[in-house]
Amino acid sequence: MAYKRILLKLSGEALMGEKQYGIDPGRLAAYADEIKEVVEKGIEVAIVIGGGNIFRGLAGASSGMDRVQGDHMGMLATVINGLALQSALEIKGVQTRLQSAIKINEVAEPFIRRRAMRHLEKGRVVIFGGGTGNPYFTTDSAAVLRAIEIEADVILKGTRVDGIYTSDPEKDKNATKFDTISFNEVLRKGLKVMDTTAFTLSQENELPIVVFDMNKKGNLLKIVSGQNIGTVVNL
């Protein structure tokens with residue numbers, strides 16, 4: 001295996017499937033199958049999920065809602081998604097723990113770094129909810145922060161596109177895909193991989209990012225097996 005411990009970042013929108021909002025049970029089950037395959041290979045898996053399928057703070061702010069209130073609603077949305085993924089994984093026999101950056105003791109453990117690492121060592125999938133616990137920080141930032149804290153080998157950013165392109169491949173037919181690209185090159189070209197805060201934090205801590213298509217069956221296992229899937233961002 002190419003990696004021992006991974007941090008998988010999923011967007012909340014990815015859970016919608018073909019729906020306009022909410023959670024698609026079929027997509028959730030498919031993701032659980034992909035994650036189970038990797039766990040069975042002995043890979044330690046931590047996950048951060050966004051909350052955009054339920055609520056996005058920026059959208060609330062633009063319609064007059066206080067930004068901090070909106071972001072707190074977004075944090076709670078990530079916990080809802082975390083609970084949904086936890087249930088989907090446990091139905092398939094995968095042991096999980098949900099840890100939240102905001103205290104919701106009845107439904108999730110508080111985030112404690114040493115406890116999270118111990119769960120991973122025991123083969124449990126750890127799902128991190130609640131973002132960073134602070135407004136104005138995205139779940140991308142939460143993913144990078146948690147990956148650094150648990151000493152993950154890589155961040156795997158699962159999207160609906162199979163890597164990083166010179167421009168949006170859904171709009172530009174001439175867009176070309178990068179197999180590998182440096183952090184500096186991404187910044188210089190103005191490519192959108194993560195928000196700037198998250199991306200810079202990853203660069204400063206020399207933590208590679210792999211952007212790949214999570215919706216293509218088997219991709220996650222191929223990446224941890226060392227196959228050249230998606231785009232690798234490194235130094």
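Start by selecting K9, L10, S11, G12, G52, R56, T159, Y165 and D168, which an unreviewed UniProt entry lists under the feature "binding site"; UniProt positions follow the numbering used here, feature names are shortened, and annotations may be inferred rather than shown by experiment. Before you click on, note that this is a predicted model, where local features need pLDDT of at least 70, side-chain atom pairs count only at pLDDT 80 or more, and totals for chains, interfaces and linings use all residues. Residues are numbered from 1 along each chain as its sequence is written, and side-chain values use heavy atoms, with hydrogens and water left out.

**Stop 1: S11 and G12.** Buried or exposed, what is G12? At 1% relative accessibility, G12 counts as buried, while S11 is partly exposed at 25% (buried is under 20% relative accessible area, exposed over 50%, partly exposed in between, with a 1.4 Å probe and protein chains only). Leaving aside neighbours within four places in sequence, S11 contacts I49, G50 and G158, and G12 contacts I49, G50, G51, G52, N53 and N81 (contact means heavy atoms within 4.5 Å).

**Stop 2: the cores.** Now pick I6, L8, I35, V45, I47, V125 and L156, the residues touching the most other members of the 37-residue largest nonpolar core (a set of buried Ala, Val, Leu, Ile, Met, Phe, Trp, Tyr and Cys residues joined through side-chain atoms within 4.5 Å). Elements supplying at least two residues each include strand 1 (5-10), helix 1 (25-39) and helix 3 (67-91). Helix 1 gives the largest share, six residues. Center on I35: beyond four places in sequence, I35 touches L8, V45, I47, L85, L89, V125 and L220. A second, separate core of 30 residues includes M117, V144, A147 and F178.

**Stop 3: helix 3.** Show D66, which caps the N-terminal end of helix 3 with a side-chain oxygen 3.2 Å from the backbone nitrogen of V68. Just after helix 3, G93 takes a positive phi of about 85°.

**Stop 4: T231.** Finish in strand 11 (residues 231-234), where T231 is found. T231 is buried, with a relative accessible area of 0%. A polar atom of the T231 side chain lies 2.8 Å from the backbone nitrogen of I164. Not counting residues up to four places away in sequence, T231 touches residues including G163, K177, F178 and V210.

Definitions and conventions: Helices (H or I, at least four residues) and strands (E, at least two) are DSSP runs, numbered from the N terminus. A polar contact is a pair of N or O atoms within 3.5 Å; within protein, one must be able to donate a hydrogen and the other to accept it, and residues adjacent in sequence count only if both atoms are side-chain atoms.
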